[in-house]
Amino acid sequence: EVLLHFKTQLVVPFFMEIITIMCWSIWCSRNDFIFNGVQPSLTRCMNKFKTEFALVVLRACSNFHPATDEWLVSLM
């Protein structure tokens with residue numbers, strides 16, 4: 001139910017990629033804290049998300065590029 005609500009808020013065809021990359025970013029922040037003692041922060045997590053999302057955009061179908069580029073810029 002939460003995922004469906006989030007999907008309707010985003011209204012983008014790459015909804016699952018956003019969810020997956022956000023989970024990965026949170027996981028990486030957690031691991032940095034546990035294994036490296038780096039304090040987690042929203043800024044660090046969002047920067048990780050932006051970096052990973054930009055890499056996904058490079059591999060995405062060219063039809064999605066305008067939408068993904070626009071969405072990524074809106075986060076900055």
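**Contacts, core and confidence**

Reader: What does F49 touch, leaving out residues up to four places away in sequence?
Author: With those neighbours not counted, F49 touches I18, I21, M22, S25, W71 and L75, where a contact means heavy atoms within 4.5 Å. This is a predicted model, in which local features need pLDDT of at least 70 and side-chain atom pairs count only at pLDDT 80 or more, while totals for chains, interfaces and linings use all residues. Residues are numbered from 1 along each chain as its sequence is written, and side-chain values use heavy atoms, with hydrogens and water left out.

Reader: Which residues make up the largest nonpolar core?
Author: That core has 12 residues in all, namely L10, V12, F14, F15, I18, I19, I21, F49, F53, V57, W71 and L72; such a core is a set of buried (under 20% relative accessible area, 1.4 Å probe, protein chains only) Ala, Val, Leu, Ile, Met, Phe, Trp, Tyr and Cys residues joined through side-chain atoms within 4.5 Å.

Reader: And which elements give two or more residues to it?
Author: Those are α2, α3 (42–59) and α4, with α2 supplying the largest share, 4 residues. Helices here are DSSP runs of H or I with at least four residues, numbered from the N terminus.

Reader: Switching topic, where is confidence lowest?
Author: The lowest mean pLDDT, 73, belongs to helix α4 (residues 65–75), and the highest, 95, to helix α2 (residues 15–36), on the predictor's confidence scale for each residue from 0 to 100. The chain averages 86.

Reader: How much of the chain is buried?
Author: Buried residues account for 25% of its 76 residues.

Conventions: Buried means under 20% relative accessible area, exposed over 50%, partly exposed in between (1.4 Å probe, protein chains only).
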